[in-house]
Amino acid sequence: MAVLYNGKRNHALLTINEIFHSIQGESTHSGRPCVFVRLTACDLRCSWCDTPYAFTEGRKMTVDEVMTQVGTFGCGLVELTGGEPLLQREVYSLMDRLLAAGHTVMLETGGHVSIEQVPQPVIKIVDVKCPGSGESQRNHWANLDRLAPHDEVKFVIKDRADYEYARDVVRRHELTRRAAAVLFSPVHAVLDAKTLAEWILEDRLEVRLQLQTHKYIWGADVRGV
Ligand code: SF4
């Protein structure tokens with residue numbers, strides 16, 4: 001039976017790829033236990049995407065069912081990820097419910113959908129797509145004007161051209177001043193982290209080199225961790 005919330009039952013449906021408890025592998029919250037709610041579907045096709053199984057695989061769940069499953073883990077931190085979570089209208093109900101239940105809520109978004117309606121307390125990790133992704137023409141630049149001080153901006157970097165693009169965006173939009181962190185993440189097994197580190201140091205960039213911790217703990221291709 002649907003759970004009562006504000007006196008109402010919530011039967012709104014989301015398509016969910018997976019819900020699991022793991023260690024946060026990205027952002028400044030890396031290393032923290034976290035429940036991940038992966039929503040199905042994405043309208044981008046980044047060349048290096050590591051979750052293509054989330055494009056179509058999933059099952060319908062009510063917001064109440066998602067809340068119940070999240071609650072079983074007894075974990076304060078919850079991340080909504082995908083796919084692209086903002087493609088599903090009911091994700092906003094889920095955010096409201098998670099916040100009302102006292103969770104710290106993070107949102108990983110591809111950066112091509114407006115973040116305008118995301119509740120302010122949600123910590124948004126907003127991608128800016130570099131040319132190597134094949135999707136840089138889809139960046140929704142207005143999102144960079146909507147960042148809250150606790151939000152973070154992520155660039156996934158495949159090669160030197162991506163690095164220079166990211167560097168120029170960071171400078172042009174003064175992102176190190178406007179976000180809690182600017183994350184430069186090398187494409188796993190494609191760009192050497194050491195090379196990226198050297199470029200960042202050479203340019204005196206105040207960004208954060210991000211390695212995907214979960215891939216070092218469990219391996220690059222393991223799902224549900
Ligand atoms: S936005 Fe994310 S889920 Fe969508 S294709 Fe790119 S990496 Fe994959």
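## Arg 89 and Glu 90

Arg 89 is exposed, at 66% relative accessible area (exposed is over 50%, buried under 20%, partly exposed in between; 1.4 Å probe, protein chains only). Glu 90 is buried, at 14%. The two form a salt bridge, with the closest N and O atoms 3.4 Å apart (a Lys or Arg side-chain nitrogen within 4 Å of an Asp or Glu carboxyl oxygen).

This is a predicted model: local features need pLDDT of at least 70, side-chain atom pairs count only at pLDDT 80 or more, and totals for chains, interfaces and linings use all residues. Residues are numbered from 1 along each chain as its sequence is written, and side-chain values use heavy atoms, leaving out hydrogens and water.

## Other salt bridges

The whole structure holds 16 salt bridges. One pairs Arg 167 with Asp 203 at 3.1 Å, N to O. Arg 167 lies in helix H3 and Asp 203 in the loop between H5 and S11, so the pair ties together parts 36 residues apart in sequence (helices are DSSP runs of H or I, at least four residues; strands are runs of E, at least two; both are numbered from the N terminus). Arg 167 is buried, at 13% relative accessibility.

Within it, Glu 108 and Lys 154 meet at 3.3 Å, N to O. Both are buried.

## Helix H5

H5 spans residues 193-202, and its buried residues are Ala 193, Leu 196, Trp 199 and Ile 200. They fall within an arc of 125° seen down the axis, so they line one face (the arc is taken from directions from the helix axis to the C-beta atoms). On the other side, Lys 194, Leu 201 and Glu 202 are exposed. Just after H5, Arg 204 has a positive phi of about 55°.
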